[in-house]
Structure formats: structure tokens, C-alpha cells
Amino acid sequence: MDNGTSWNSEPMRLKVGLAEMLKGGVIMDVVTADHARIAEDAGAVAVMALERVPADIRKEGGVARMSDPALIEEIMATVSIPVMAKCRIGHFAEAQILQEMGVDYIDESEVLTPADEAHHVAKLGFKTPFVCGATNLGEALRRIGEGATMIRTKGEAGTGDIIEAVRHLRAINRDMALIGQLSEMELMAEAKRLQAPYELVKNVHEHGKLPVPKFTAGGVATPADASLLMQLGAEAVFVGSGIFKASEPAKVADAIVKAVAHFDKPSELLAVSKGLGAPMASIAVGDLEEQQKLAGRGW
Amino acid sequence: MRIGILALQGAVAPHQAKLAALGVEAPAVREAAGLEGLDGLILPGGESTTFLKLIGHFGLAQPLKAFAETRPLWGVCAGTILLARRVENPSQRSLGILPFTVRRNGYGRQNESFIAGFELRLPGRPAVSQEGVFIRAPHVTARDDGVQVLGEHEGWPVALQYGRHLATTFHPELSEAGHLHRYFIALCEDASQRRASG
């Protein structure tokens, strides 16, 4: 049965396949075609097209929705690398529009205002692949169960504070290591504890990793931040406000690409970290009220 | 036998797994020093614009061209774009090692990515059926006479050989079959013997 739901089905292999090609790269948030060109020139493997970066969404408040398709199309026409775009959690009509437009990946994102308080998009039915955020392993496996073929940590978008991305990455790693040590008879209880599909818990037990690439996002502001997350096991890095809210976006973009390519080489990290100008205006996550945090969105 | 994988970015691990299963050591190569002692090098799938940027930054263009003088290279998808003499859609720089022209994203965007079978004709071996995983793959739109076509899909050359070098527009590392990895190992062994006797 090649209905797109098994790991060896053609749709799944193509969706995971594209994510595989983005590994070791940097995916950058862009709000204009000019930004997209700067990102591509700096060596981004993909861009995320949106109307406002998370820092501005946070500042301006209100309802954050899918971007104007005309803007996304302009960015698609400008760069040759893959273009991703965001839909609201559970907003399958926005996802249908993004698929119709032909974006390369859809991010069902907590950065936008959720459209459904209980359900995420049923992603298996789409031809266009999806990336979803997660704060822990149970959440990651629920999203994969719905059809996400790339997982990213949520972190706390738009803050420039890396602590949440680190927390989420460590939580996912810790629970995966635990599953590896369990006996087969303990897996159902673990699936119950994680509120995750049993088959996927079993898959993690057998393979020692997620069945899809594990990327990271949320709060990356410097090359060192990107390296930290790569060293903690992330396979690629999304940078949101960290580039175009910095005083010298092209320099920061260039430096983060190099830092991810040589994430475990301190001499290279030192070289690229110098003279990057002022980083984005940041907010310590500890100073945020609970309702100001975006990572809690998602079910 | 040691075959490196250019690991600036992209699908490095699947090639390493394929080669390890065939008993070949496959170190990740990120700088010129890593090319020393290798019998061949795979330029994997990923984003060609990112590769170009990092090849420039890490001063890899000349070392890669020098390496290609005596050792086999295998470009896969983005790797093929890097090796081509000319690149279109858009026009961009390349290493210019293989005398053909590629058109990036020839089939379209991700929604047009596909998996299809075709006949693979490796020199000196019986023709076999090969699965091709095409992800935002390029088209080879023109080529010099010396470029051998080892496989086509819907009229487009998808597997090519030029002397000791190999190029595929699809991703053999994402399929079960190991024909192309075995063939590339044979090309590396052959080149290694020539160097020893030359």
C-alpha cells in the first residue's frame, strides 16, 4: 500500500528526503525578496517567507496569520533555494493554499496565532511536506504521527534567548536515550507516559533516533548559539529574528552559516564570531509572563 | 579503500552508511587536508549555493580540481551541479570539471519531486533496473561527446560518466540498491591501480 502513511511509501521518502538535503544548513526567516537574496548569498539552505519576524509579532501583538501569498510568491521567484512558509496550528485551509502555491515545506507554527485549540493539521494527506515545532519527545512523536517529516525544537521565538531551545533539545535527547534502554514490554507504558503513538515509540526504541530529521529553532542570535545547538545534536538550524533584527544582517547570516558548517571547530567559531555588530534586541525568557510564551502553543 | 564524502552540508550520512555496508571507510571531508589519502570523493546532495559559498570560504576549489586530476569524483544532485561546466536557472559558478550543462530545479519544486525506475547501463556490467529518487533535481541539458550516458528517464540523462568521474541527478543513497556505490568503488580501485603502476 503506497498511500503515503508508511515510512517506505513514495510520499514519505520524498518528504524526508528533502529534509535530509537540508541537514547541516541554516534556514533563515525573511520578510522581503531583498532579505531572501541576502540569505541565499550568505549560504542559507532555505528561507522561511513571512510577513513579520517573530520579534515583531511579539512586539505588535494581535493575530498573526499566514503571510500574503503575493509576498511568498515574490520570494519564491527571487531565490533558487527551497522556500518554506508558515500556517497557523490547525489551519488546514492556509496549508492548502500554501500547497497550491507550491512552497517546498510548510511550517505549522506556534509563532502564528493558533486556529484550533485541540487539533493540528492532518499532514499525511498533503503532498507538500510539513515541519512542526516540539518541546519534548511526546509532542515530536504526535506531530510525526500526524505526518510531519521534519521536527524542530520550538525554543522561544523572537527573544534572542537560547535557553528554551536548549531545554527542548535536551528533553528530546533524554527521552530518546531512555527509550533506548527500555525493554520491549515497557514500551507501551512509555507511549502512555509520553502521550505518543506506540508505533513511533517502538521506532525510536529500534533506531535510537527520530524517524525524521531533528532540527532546532527559537532564540538563536549568534554563531555560538548555532554551534551550541548543533553540538547538542540538532541536525540543522532555523534562525528567525536573529539575522534581520541584528545591526548587520549580512555579516551575521554569513557567520552563522560558517558556524554551522564547522560547529565543532572552536578556531573557526572564534574567527566568525568577531565584529558582527549589535545582535538583535533580546528578551530574557525568565522575564516573560506565561501567556507571552509561544512554545506552549501546540497540543 | 577510503572514499570521502564532502561534508560542508547535505545528505552525508546515507552515503557513509552505504559505503560502510560495502566495507569502505568513508570519512567526512570539510577541508583540503581531509582529501589526503582518499581514493575518491562523493559530492552529496544538498544546496549547491551553500556548497559554493563554503567551498569559496574554505579555499576548496583548487584542491578539489587538483584531486580530480587523478582521483574519481561522484556528484549527486547538488554535487552534479557543482561539477558541471555550465549552470543555468539561475546561472552560477561551478567547479567546471565535467563538460555538460545543468539546469537547476529542472523538474520544478518539491511538489514535483518523484521516484521512478529506469534502466541503468554500467559499462562492463549487465543492465539493471535502478530506482531513482529525484528531489528538486536538475536536468542535464547539453553535454560534450566524451560524456557517457549510463541511464535516462523520460529522455533526460540522469546517470553520466566522464572518464573516471560519475554524476547522477537522483539520489542512489536513498534507495536500497547498491549498484552505483559498488561501481564507484570499482572506479576508485581502478584509478588507484593506475596511480600505483603509473
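Buried means under 20% relative accessible area, exposed means over 50%, and partly exposed lies in between (1.4 Å probe, protein chains only). By that scale B:Asn89 is partly exposed, at a relative accessible area of 33%. This is a predicted model, where local features need pLDDT of at least 70, side-chain atom pairs count only at pLDDT 80 or more, and totals for chains, interfaces and linings use all residues. Residues are numbered from 1 along each chain as its sequence is written, chains are lettered from A and ligands numbered from 1 in the order in which they are written, and side-chain values use heavy atoms, with hydrogens and water left out.

**Strand E3 of chain A**

- Strand E3 of chain A spans residues 83-88, and six of its six residues are buried. Helices (H or I, at least four residues) and strands (E, at least two) are DSSP runs, numbered from the N terminus.
- One side of E3(A) carries A:Val83, A:Ala85 and A:Cys87; the other carries A:Met84, A:Lys86 and A:Arg88. Both faces are covered.
- Strand E2 (residues 46-49) of chain A pairs with E3(A) in the parallel sense, over three bridges. Pairing requires that DSSP finds at least two bridges between two strands. A:Ala49 stands opposite A:Ala85.
- Strand E4 (residues 105-109) of chain A also runs parallel to E3(A), joined by five bridges. Here A:Lys86 stands opposite A:Asp107.
- E3(A), helix H5 (residues 92-101) and E4(A) form a right-handed β-α-β unit. Right-handed means that, with the strands pointing away from the viewer, the path from the first strand over the helix to the second runs clockwise.

**Helix pair H8 and H9 of chain A**

- Helices H8 (residues 187-194) and H9 (residues 198-207) of chain A pack at about 115°, with axes 9 Å apart. Axes are lines fitted to C-alpha atoms, for helices over the stretch in contact; angles run from 0 to 180 degrees between N-to-C directions.
- From H8(A), A:Leu187, A:Met188, A:Glu190, A:Ala191 and A:Leu194 meet A:Tyr198, A:Val201, A:Lys202 and A:His205 of H9(A). Contact means heavy atoms within 4.5 Å.

**Backbone geometry in chain B**

- Most residues other than glycine have a negative phi, and most peptide bonds are trans.
- The bond from B:Asn89 to B:Pro90 is cis, with omega near -10°. B:Pro90 is found in the loop between strands E5 (84-88) and E6 (98-103) of chain B.
- B:Asn89 has a positive phi, near 60°.
- B:Asn105 has a positive phi of about 45°. This residue is found in the loop between E6 and strand E7 (114-120) of chain B.
- B:Asn105 counts as buried, at 18% relative accessibility.
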